[in-house]
Amino acid sequence: MNLSPLPLAVFVVDANGAITSWNRACEKLAGYGAPDIRDRRLDTIIAFDDTAAVTSIRDRVNADSTGELICADGHRVPVRVTVAPQSLDPDLACTYSVIVVPRSGLAPTRYALIQDLPIADIIEELPCVFYVIDQSGHLLLWNHQLEEALEMTSEELPTSNVKHFFDAAVQPTIVQEILEAFNRGSSSHEAELVGRQGKRTAFLFHCARANLGSLPVVFGTGLDITARKQAEHGLRVRERAMYSSVNAIVITCCADGADNVIEYVNPAYEQITGYTLAEVKGKNPRFMRIEDCDLDERQRIRDALARRESVRAVMRNRRKNGEIFWNDLRIDPVTGMDGGVTHFVGVISDITEARHYERRLQHLAHHDALTGLANRTLLQECLKAAIDAAVAHHKQGALAFLDLDNFKHINDTFGHEAGDAVLREVASRLRASMREGDTVARLGGDEFVLVIAEQSDVAQLTALVERIRQSVSAPIHVAGKEILPATSIGVSLFPQDGRTVDHVMRAADAAMYHAKTLGRNNVQLYSKELNRVVHQHLLLEASLARAIRNRELILGYQPKVDLRTGKVVGAEALVRWQHPVDGIIPPDVFIPVAEQTGLIVPLGEWVLDEACATLRTLGALGISDFVIAVNLSARQLRQRRFVHRLGETLTRHGVPGRLLELEVTESQLMDHPDEAREALDQLKRLGVRLSIDDFGTGYSSLSHLQKFPVDCIKIDRSFLGGATDLHDGHAVITRAIIALGHNLKLQVIAEGVETHEQLVFLREHDCDQMQGYYFSAAVARDGLQEMLRRDDRLVM
């Protein structure tokens, strides 16, 4: 190898400092010829600045020494000197490399030296790093690409051992690779150069041994493989992603006329299909197809593959064990270097469970979860189809609404599990009673609907529905207990009672409601008269909602009189409806509608607010012991925040709770005695008075009655009788109620007192209070204030 391009002067000396060899750069830099250098000592050529302190070559190893190079012509060049052992193992060193680098630009630079040579441009323009290393592991020659990779200057590189250009973890490997080149003549390895500022560059290094005169060296190149490493990393990531994917991936080859044969499948494919790669390699994926199944989808796939296009399809295939599975398949082409398609990649998602779940959802969307019957959605579809068929073929069909009577009582008495068992048994009986083409549906709760197609004979239809009623009403045995259900049924005919689903259902619902009002457990057919009644009911419902919003309601107060003093001590608030067209509408007309529709809740809140406002007004007039009673509905009592809202109303008006009396009926308490007691306890904590209205008309349990925190009971007007029958059975009941109330330490109030004889009877039997037309009808707030101001009293 030509030694002239070496830019650094390098001497090799023995342990005593005698020069044993040198390179041409030494001769060029110092001007000496070979005869002038041979056998001279190093200190005769280099005048070290620290000669007095350091005398041994060994002591200069890895030290940064300075001095002057004594040239042949006598002038001196300032230099930096690096001494390194000729062996990579310092303990075995017997000769040393002495690298001499000019300082302060007083000598030709490395680039100037290179430019003197014909290969300088080649070395500098190499598309890789180029380097020459001596046995000490120091650089003798390099190009600018190495400087850029290491982020170091040409002055810094000669003094650094090349192993320090790499991470500490790989330095032993780097040393081994260099030794391998020295010992065996060549080596190759991959490693990352780490720059001074942290820059990292991956290189593929090729090293070869050579001799510069008598100086053994290794020279080599490093090819930047960063892009390749990144590509390899990306390939590994993608390969791992394919391997770990939960979706099956299959790669087929279509190059050179191959019939899309399988080259690769991932583990998910093996798990989903049951076939291993060894079993399917070289086969066309069609081997899993199911004959005569999903033909359209398979044809779309074949057409797309022929056009070398992407395609997506959903179809069924057969696993190795014979099981059929649904798969969502996506196929995409892969192009080669020439742009032609060489492979296809298929991604298979096993959607079998999703398909089954979808079918279950579809079933649930159209069927009742408890009974398995059609639900409202499916019912409407079937009813519409039946109506359309009846109109088209001039036939007649029927729709029957069934509502179980007192089903709430069954739930409360036997428990909800028993109630569910009853519903399932009723559903079974209805299915058994109907024809295959008819529809049995459950709307929810205890409501069932039957769609009976092509039933032209009304008599036969009535007989069928009556048989269904009797079947439903037969005893049901649940957990050793006998339950007797009953049902009210309303029937409408189509198309005469309606040509739309809504009209036919409303007609049947109206007929069923009418069956309820006639005593339950019977069958009623829809009629025009019934339609008129229902229509009036709906109009009344809409008008009532508007009346509550527009404050068309008024509150009257029927005075309560103490039967011992004749003094007016309280009043019952009675609501009236001042209709803008029909005038006063009595409560027995609109209160049932309010109860059925839930309007009783806002109506009741308005009544309580008005009553509290009246108590506030009376308090301002100095009347502080007057009690106003307000009737509570069952719906109000069941409202979760009713007690809280009532407390806010009392606080807002500044009314003590003891001046408000809430009346609940006997049946309200006995329907759910435990819940009622809890609700009354909460009300009692507000300080309000509690009264049982219409006492004696229900089925009270004395054991329960003692537990309710009530203050008084009201004798229903029906027990007072007329003016001439005070001594019949009603009088006996009245006396018993008064005695019972007093024994329970409750006040007893009689309502509906209209005659002097009734008044005398009540006083004789020590009744506490009365109210009724005998003293006064309900009066407005102003009339009540005037009555109390005058201190009007009952004439005894």
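**Strand pairing and helix packing in the predicted model**

The structure is a predicted model, in which local features require pLDDT of at least 70 and side-chain atom pairs count only at pLDDT 80 or more, whereas totals for chains, interfaces and linings use all residues. Residues are numbered from 1 along each chain as its sequence is written, and side-chain values rest on heavy atoms, with hydrogens and water left out. Strands (E, at least two residues) and helices (H or I, at least four) are DSSP runs numbered from the N terminus.

Strand β14 spans residues 311–318 and runs antiparallel to β15 (residues 324–335), to which it is joined by 8 bridges; two strands pair if DSSP finds at least two bridges between them. In a regular strand, side chains alternate between the two faces of the sheet. Along β14, V311, A313, M315 and N317 point to one face and are buried (under 20% relative accessible area, with exposed over 50% and partly exposed in between; 1.4 Å probe, protein chains only). The hairpin of β14 and β15 has 5 residues between the strands, and G322 adopts a positive phi near 95°.

A further set of strands forms an open sheet of 6 with the order β2-β1-β6-β5-β4-β3 and antiparallel pairing. Its edge strands, β2 (19–22) and β3 (46–48), each pair on one side only. Within this sheet, β4 (residues 64–70) and β5 (residues 76–85) are joined by 7 bridges, and I70 stands opposite R76 in β5.

Helix α19 (residues 600–620) packs against helix α21 (residues 642–653) at an angle of about 25°, with the axes 9 Å apart. Axes are lines fitted to C-alpha atoms, for helices over the stretch in contact, and angles run from 0 to 180 degrees between N-to-C directions. The angle therefore makes α19 roughly parallel to α21 (under 35 degrees; over 145 is roughly antiparallel, 65 to 115 roughly perpendicular and the rest oblique). Residues in contact (heavy atoms within 4.5 Å) include L608, C612 and R616 of α19 and F642, L646 and L650 of α21.

The axes of α19 and helix α27 (residues 781–790) come within 11 Å and cross at roughly 35°. This contact involves E610, A613, T614, T617 and L618 of α19 together with R781, L784, Q785 and L788 of α27.
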